[in-house]
Amino acid sequence: MKISYPWLVVVILLAIFATWMALPATNGTSFDFNNDGEDDIAIDQPLGLDLVGGLRVLLEAELPPDAFTEEELRETANSVSRRVNALGLTEATVQVQGNTRILVEIPGVTDSARAISTIQETALLEFVNFSGLAGGQLTALDGANILTTEQNQVFEQRAITSDVPLETLVVDLAVNPNTGLPFETVMTGGGLAAAAAVFSQQSGWVIEFEVASDAQDIFGDYTGSNIGQPMAIVLDGEVLSFPTIQAALPTGGVISGNFTQEEAETLALQLRSGSLRIPLSVESTSQVGATLGQESVRLSIQAGIIGVIIVLAFMFIYYRALGIAADLALLVFIALNLALFKMIPVTLTLPAIAGFLISIGTAVDGNILIFERIKEEVRDGKPLNEALTSGFDRAWASIRDSNTSTIIICVILFFFGQTPGASIVSAFAITLALGLILNLFTAIVVTKTFLSLITTWQYDYIDQHEWTLGV
């Protein structure tokens, strides 16, 4: 079995890169290849709630279960997830619990009050027709809670499902003083394509928005035909401002309302992530400490190191020259896994660490299959080169089939982990599947490369001393 120098170079470079990536010192490293001021690659290792602590929030739908569908609850959970991630609280877990609740777990959160407020608010933004209003009428509506046609539909649905009269639900909401009817909603926040908080010297903090292509005709036609008239910006029924329309705005404009920086950034975030289909209340909150997590990490690392040392020693003692190649391949396998965890990134939880440690065992198992095949060929009297080549060729099918079947199980576990209460399974499935996929590469390519290097340098000695192969 001749050594493949190109593959040797590739394996060595991969090992060096993966080892550098796996080092704790690389956390926080980023690269901007386009020089556009934004990181194209950011290297970090996120840790789960069970390792670093954080915030756990249980949200309850304020509507009765028959007032919304399961799909609407899932859409609300998706909006909550986008909001949490937009806050910079990455790798949060958001999942539906039963038919009325949403569980949010946010690792490493520091400002729990802001996080809860941001994910709970419905953020129903409306552009409302205030045409015909002027002077004292506008002054009276500044900051007032009003009833719009969009909100009126929501209240009508609540009245039907809760048996509470509509008049009771809308009793304190202002209506159009000229008509006595709800104010007309021109467009909701669902018609926005983008929103960002910016600072203006004239108006302070404002939100610049872009209108989605499918709403540009509606918004453009309305603003174009009502130039010189006020149009209200309403958030969750409260009038934020009522600027005068200066020109047709088919593609977007600016929302002003004497915002602070935090208010503007939060509102822009909510508008980007979408309004909540279902209003939510906080059922319970709990701050999860990291003390237990730190101890778990320490013990897991200790167990992993001890296990790897024992495996390396076993492979060297039992398989000798073959074991040296396997040990080198196993170290490369571990480095590649840790590097991938940072590059993807994979959130490390205790189940995820368990999946990784089990994958180390599968990597060793692949090498054992190969080496036992090689030993069988040597016992049958085949030359060393032929035995090595035949051993890899004949073991490949077994390694491929066994790993593929386990990867299929991991896929099933991952999707099972998307159901309420089973998210702990997903992290285990991800790290185990990554290890199995990498094992297909390291067991065949990396081990074969190192073994061909060893046998090329010491071919005659190994050929004449079969004990060096563990035979």
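## Basis of the model

This is a predicted model: local features need pLDDT of at least 70, side-chain atom pairs count only at pLDDT 80 or more, and totals for chains, interfaces and linings use all residues. Residues are numbered from 1 along each chain as its sequence is written, and side-chain values use heavy atoms, with hydrogens and water left out.

## The chain as a whole

The chain holds 15 helices and 13 strands. Both are DSSP runs, numbered from the N terminus: helices are H or I with at least four residues, strands are E with at least two. Of the 471 residues, 45% are buried. Buried means under 20% relative accessible area, exposed means over 50%, and partly exposed lies in between (1.4 Å probe, protein chains only).

Contact means heavy atoms within 4.5 Å. Among contacts between residues at least 6 apart in sequence, 72% join residues at least 24 apart.

## The largest nonpolar core

A nonpolar core is a set of buried Ala, Val, Leu, Ile, Met, Phe, Trp, Tyr and Cys residues joined through side-chain atoms within 4.5 Å. The largest one has 53 residues. Leu 322, Leu 330, Ile 370, Phe 371, Ile 374 and Leu 451 touch the most other members. Two or more residues each come from helix 1 (5-22), helix 10 (291-319), helix 11 (321-343), helix 12 (350-379), helix 13 (384-416) and helix 14 (424-457). Helix 11 gives the largest share, 13 residues.

Leu 322 is in contact with Phe 371, Ile 374, Leu 388, Leu 451, Thr 468 and Leu 469, leaving aside neighbours within four places in sequence.

Helix 1 and helix 11 pack at about 55°, with axes 8 Å apart. Axes are lines fitted to C-alpha atoms, for helices over the stretch in contact, and angles run from 0 to 180 degrees between N-to-C directions. The angle makes helix 1 oblique to helix 11. Angles under 35 degrees count as roughly parallel, over 145 as roughly antiparallel, 65 to 115 as roughly perpendicular, and the rest as oblique. The crossing of helix 1 and helix 11 is left-handed; that is, the near helix is turned anticlockwise from the far one by less than a right angle, while clockwise is right-handed. By class, this contact has 12 nonpolar, one polar and one charged residues. Ala, Val, Leu, Ile, Met, Phe, Trp, Tyr, Cys and Pro count as nonpolar, Asp, Glu, Lys and Arg as charged, and the others, Gly among them, as polar.

Helix 12 and helix 13 pack at about 140°, again with axes 8 Å apart. That makes helix 12 oblique to helix 13. Their crossing is right-handed. The contact has nine nonpolar, four polar and three charged residues.

## Two loops

Most residues other than glycine have a negative phi, and most peptide bonds are trans. Arg 320 has a positive phi of about 50°, although it is not a glycine. Arg 320 sits in the loop between helix 10 and helix 11. It is partly exposed, at 31% relative accessible area.

A cis peptide bond joins Ile 344 and Pro 345, with omega about -15°. Pro 345 lies in the loop between helix 11 and helix 12.

## Two serines

Ser 452 lies in helix 14. It is buried, with a relative accessible area of 2%. Not counting residues up to four places away in sequence, Ser 452 touches Met 1, Lys 2, Ile 3 and Ser 4.

Ser 81 is in helix 3 (residues 70-86). It is partly exposed, at 22%.
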